[in-house]
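Subject: Structure for you to look at

Dear colleague,

Here is the structure I promised to pass on. Please open it beside this message, as the notes below refer to residues by number.

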Amino acid sequence: MEEIYLEFLRYCLDDKLLLPESTKSIDWMAMMAWAEQQTVVGIIYGGILRAGKALGMPFDALMEWVGYAQQIESRNRQLNKRCRELVEEFRNDGFKSCILKGQGVALYYPNPLLRTSGDIDIWLDGGRDRIAEYVRGKYGEQLERYHHVELPAEDGIEVEVHFTPSYMLAPWSNKRMQRWMREKADGGWLMAELPDGAGEI
């Protein structure tokens with residue numbers, strides 16, 4: 001059955017593909033459980049909308065998918081709003097920033113509002129000591145790790161403020177990667193427009 005799910009997922013991601021014949025045999029509630037495990041419920045829902053009545057999907061199953069998709073969209077709108085607020089807050093306090101991973105790459109999805117979201121990862125340009133001191137001064141003592149410090153959750157939204165986007169455990173590889181990321185940051189920070197006029201990050 002997983003091969004059938006994957007075939008439909010490919011259809012959802014590529015608008016040039018035709019609706020696979022195998023979709024007629026899909027148990028949509030079982031597929032939702034699989035899609036939830038793979039965090040692709042929103043992407044599958046986009047394909048369901050595209051296929052429309054051709055799916056022959058039972059109405060009660062469709063309503064389950066609609067409800068789940070609305071929750072995903074609502075959560076993404078909350079996170080996009082918080083991303084914009086963070087970018088503005090840090091800019092006003094003298095930091096350039098970049099939204100990483102999650103909300104930062106959501107714009108590459110067929111529908112950015114249907115990406116299953118998590119926390120917000122934001123990279124500040126300013127050096128570890130300056131950023132850590134700033135966070136302590138503004139938010140008090142927070143959990144600090146090698147590459148980020150966590151902010152207090154607000155409205156259930158967790159935020160990690162990164163000193164560096166990532167790291168590698170091999171010291172020399174890590175040193176090269178840190179230098180490469182520093183060069184990229186020095187070359188300029190790209191801005192992107194969030195969906196629904198939510199602002200720029």
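What follows is a short account of what was found in it.

This is a predicted model, in which local features need pLDDT of at least 70 and side-chain atom pairs count only at pLDDT 80 or more, while totals for chains, interfaces and linings use all residues. Residues are numbered from 1 along each chain as its sequence is written, and side-chain values use heavy atoms, with hydrogens and water left out.

The protein has 7 helices and 4 strands, where helices (H or I, at least four residues) and strands (E, at least two) are DSSP runs numbered from the N terminus. Along the sequence they come in the order α-α-α-α-β-α-β-α-β-β-α, and the C-alpha atoms fill a box of roughly 60 × 35 × 30 Å along the principal axes. Of the 201 residues, 42% are buried, a term that here stands for under 20% relative accessible area with a 1.4 Å probe, counting protein chains only.

The largest nonpolar core has 27 residues; such a core is a set of buried Ala, Val, Leu, Ile, Met, Phe, Trp, Tyr and Cys residues joined through side-chain atoms within 4.5 Å. The members that touch the most others are Phe 8, Trp 28, Met 31, Ile 44, Ile 48 and Trp 65, and at least two core residues come from each of helix 1 (2-13), helix 2 (28-37), helix 3 (41-51) and helix 4 (59-92). Leaving aside residues up to four places away in sequence, Trp 28 touches Phe 8, Thr 23, Ile 48, Leu 55, Met 57, Pro 58, Ala 61 and Trp 65, contact being taken as heavy atoms within 4.5 Å. A second, separate core holds 23 residues, including Val 87, Ala 132, Val 149 and Ile 201.

Turning to the strands, strand 4 (residues 157-162) has 5 of its 6 residues buried, and it pairs with two others, pairing being called when DSSP finds at least two bridges between strands. Strand 2 (residues 120-125) runs parallel to strand 4 and is joined to it by 4 bridges, with Asp 121 standing opposite Glu 160. In the hairpin of strand 3 and strand 4, 2 residues lie between the strands, and Asp 155 takes a positive phi near 55°.

With best wishes

Methods:
Buried < 20%, exposed > 50% of the residue type's maximum accessible area, 1.4 Å probe, protein only.
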